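This report looks at selected parts of one protein structure. The sequence and the model come first, and the description follows.

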Amino acid sequence: METSARTRGIALVLSGGNALGAYHAGAFEVLQAHDIRPDWVVGASMGAVMAAIIVGNAPEHRLPRLRQFWDEATQHTGLPRPDLLKPRQYYNALHALLTITWGRPGIFQQRLPGLWSALPGMPNDIALFDHAPLLRTLNRLVDFDRLNESDTRLTVACVDVETGEEVSVDNRQQRIRPEHILASAAILPAFPPVEVDGRLLADIGYTNNLPLDPLFAVEPERDLLCIALDLFGLQAPRPASLDAVLERANDLIFASAARRAIAGLTREYALRDKLDPAGPVVTLVHLTYQAGADQLAAKSFDFSASSIRDRWEAGGRDMTRAADWLTAPEHDGGRFVYKAL
């Protein structure tokens, strides 16, 4: 890494997206290859799981643990991947359906009564799936003593189900436990919220899927390079089917908060630039996973081997395109530099 980049703080922000999170692993692989080491990692949902694996392992073990997680999560049906678009869409949809039906062994499983609770005479339930398998996976793949004593700061984003308040759990302020990561990944109503220290916490995805806010709760004391990896994008071709419309609705729900947060930072730093033009500069590099035409509404439940591999490779490609810019970024003289790649 260039000497100029070492004088800045480096933050990595990882959004949620369930099976789309293999994109994060591919991007991190390139960061590690370029010796770009974040000193602050912020994660939500699957991004929190990836962040915990990164911070909760020694540097030389981080990539192998990420590979282990995704190898175990991948659904191997033995079916050949079709090359044509429409068959590939059916192939992906089939794998998503199998995931919803049988779960993924290291992440979630069926829950009773779950969906059956909607039928007359059945007892009430509050979730469709049981995510206890993820808790066991976290305990296997993450050293929580290392995570809490690490020089790398970790912030995990959740939401309080009762108050709607966004909750940031930070290893500089309290001990992060596996339950905090589990809560961050508990998207309602798929998974049950998790009670931690008297608060009922769940996935923050509906309100703030790319949690940039913790980085700017207090103005950074030095220049900051923020690398934000977004699993849902605002831009896409016009939908031509009901499935594509459902995908767009999903993307808009999960991606819109990031747009508002970035617009707010732009306004805030325009004012800071006038008041103190010599203050710390924030450089925000925003990478967004662009799902292919074969990925439709159920993409976040598609754990097929080909889709997981495609997303890992996409993260690697996008971060490779950004790598030179990260180590020698352009600067237009302002205090807030935004680069969308």
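Ring pairs join Phe108, Phe129, Phe191 and Phe301 into a cluster. Rings of Phe, Tyr and Trp (its six-membered ring) count as a pair if their centres lie within 6.5 Å; planes under 30 degrees apart are called stacked, over 60 edge-to-face, and the rest tilted. By this rule there are 11 aromatic pairs. One of them is formed by phenylalanine 129 and phenylalanine 301, a tilted pair with 6.4 Å from centre to centre and 45° between the planes. This pair links distant parts of the chain, 172 residues apart: phenylalanine 129 is in strand E4 (residues 129-130), and phenylalanine 301 is in the loop between strand E10 (282-288) and helix H12 (305-327). Helices (H or I, at least four residues) and strands (E, at least two) are DSSP runs, numbered from the N terminus.

The model is predicted: local features need pLDDT of at least 70, side-chain atom pairs count only at pLDDT 80 or more, and totals for chains, interfaces and linings use all residues. Residues are numbered from 1 along each chain as its sequence is written, and side-chain values use heavy atoms, with hydrogens and water left out.

The table gives the relative accessible area of three residues. Buried means under 20%, exposed over 50%, and partly exposed in between (1.4 Å probe, protein chains only).

| Residue | Relative accessible area | Class |
|---|---|---|
| Phenylalanine 129 | 6% | buried |
| Phenylalanine 301 | 18% | buried |
| Histidine 34 | 33% | partly exposed |

Histidine 34 sits in the loop between helix H2 (22-33) and strand E2 (40-44). From C-alpha to C-alpha, histidine 34 and glycine 103 are 36 Å apart in space, and 69 residues separate them in sequence.

The next topic is a pair of helices. The axes of helix H3 (residues 46-55) and helix H4 (residues 59-73) come within 8 Å and cross at roughly 140°. Axes are lines fitted to C-alpha atoms, for helices over the stretch in contact, and angles run from 0 to 180 degrees between N-to-C directions. H3 and H4 are therefore oblique to each other, since angles under 35 degrees count as roughly parallel, over 145 as roughly antiparallel, 65 to 115 as roughly perpendicular and the rest as oblique. The contact (heavy atoms within 4.5 Å) involves Met46, Val49, Met50, Ile53, Ile54 and Val55 of H3 and Arg62, Arg65, Leu66, Phe69 and Trp70 of H4.

How many of the residues of H3 are buried? The count is 10 of the 10, so H3 is largely enclosed by the rest of the structure.
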